[in-house]
Amino acid sequence: MLGAGAPRQGDDLQRDPEDWATGDEPMTAAQRSYLDNLAKQAGEQVPADLTKAQASEQIDRLKQQGGDGAAG
C-alpha cells in the first residue's frame with residue numbers, strides 16, 4: 001500500500017534500473033535529450049536505441065565522469 005508509513009532509516013530508496021517494471025521500454029524523450037547533452041560534453045557517442053534502464057545507467061555513468069549537464 002502506498003503511503004503506509006515513512007521509509008525506515010537506511011532503506012535504499014533508489015531501485016536498480018534493471019528491476020524497473022518498464023525498464024525494457026524505449027528511453028523517454030527527456031532521457032534522450034539529457035543523455036545526448038551529457039554524451040556531447042564527454043565527447044562520446046551512445047546508441048540511440050537504448051531502453052529506459054540502459055539510458056539511466058548511461059546517464060549515471062556520464063554524470064560520474066563529471067558531465068552533469070549544468071552550465072559552467
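Hi everyone, let's start with helix 1: it has 14 residues and reaches 20 Å from its first C-alpha to its last, close to the 20 Å expected at 1.5 Å a residue. That expected span is 1.5 Å times one less than the number of residues in the helix. Helices here are DSSP runs of H or I with at least four residues, strands are runs of E with at least two, and both are numbered from the N terminus.

A quick word on the source. This is a predicted model, where local features need pLDDT of at least 70 and side-chain atom pairs count only at pLDDT 80 or more, while totals for chains, interfaces and linings use all residues. Residues are numbered from 1 along each chain as its sequence is written, and side-chain values use heavy atoms, with hydrogens and water left out.

Now the whole chain. Its secondary structure comes to two helices and zero strands. Of its 72 residues, 22% are buried; buried means under 20% relative accessible area, exposed means over 50%, and partly exposed is in between, using a 1.4 Å probe and protein chains only.

Back to helix 1. Which of its residues are buried? They are Gln31, Leu35, Leu38 and Ala39. These residues cover an arc of only 100° around the axis, which puts them on the same side of helix 1. The arc is taken from the directions from the helix axis to the C-beta atoms. If you are new to helices, here is a handy rule: an α-helix has 3.6 residues a turn, so residues three or four places apart point the same way. On the other side of helix 1, you can find Ala29, Ala30 and Lys40 exposed.

What do the buried residues of helix 1 pack against? They pack against helix 2. Helix 2 has 13 residues and spans 18 Å from first C-alpha to last, close to the 18 Å expected at 1.5 Å a residue. Its buried residues are Lys52, Ala53, Ala55, Ser56, Ile59 and Leu62, and what covers them includes helix 1.

How do the two helices sit together? They pack at an angle of about 35°, with their axes 10 Å apart. The contact, meaning heavy atoms within 4.5 Å, involves Gln31, Tyr34, Leu35, Leu38, Ala39 and Ala42 of helix 1, and Lys52, Ala55, Ser56, Gln58, Ile59, Leu62 and Lys63 of helix 2. The axes are lines fitted to C-alpha atoms, for helices over the stretch in contact, and angles run from 0 to 180 degrees between N-to-C directions.

Let me pick out two lysines in helix 2. Lysine 52 is buried, with a relative accessible area of 17%. Among the residues that lysine 52 touches, leaving aside those up to four places away in sequence, are Trp20, Thr22 and Gln31. Lysine 63, also found in helix 2, counts as partly exposed because its relative accessibility is 41%. Lysine 63 and leucine 35 are 28 residues apart in sequence, and 9.6 Å apart in space from C-alpha to C-alpha.

Last stop: the loop between helix 1 (29-42) and helix 2 (52-64), where you will find threonine 51. Is threonine 51 buried or exposed? At 18% relative accessibility, threonine 51 counts as buried. Not counting residues up to four places away in sequence, threonine 51 touches Gly23, Asp24, Glu25, Pro26 and Met27.
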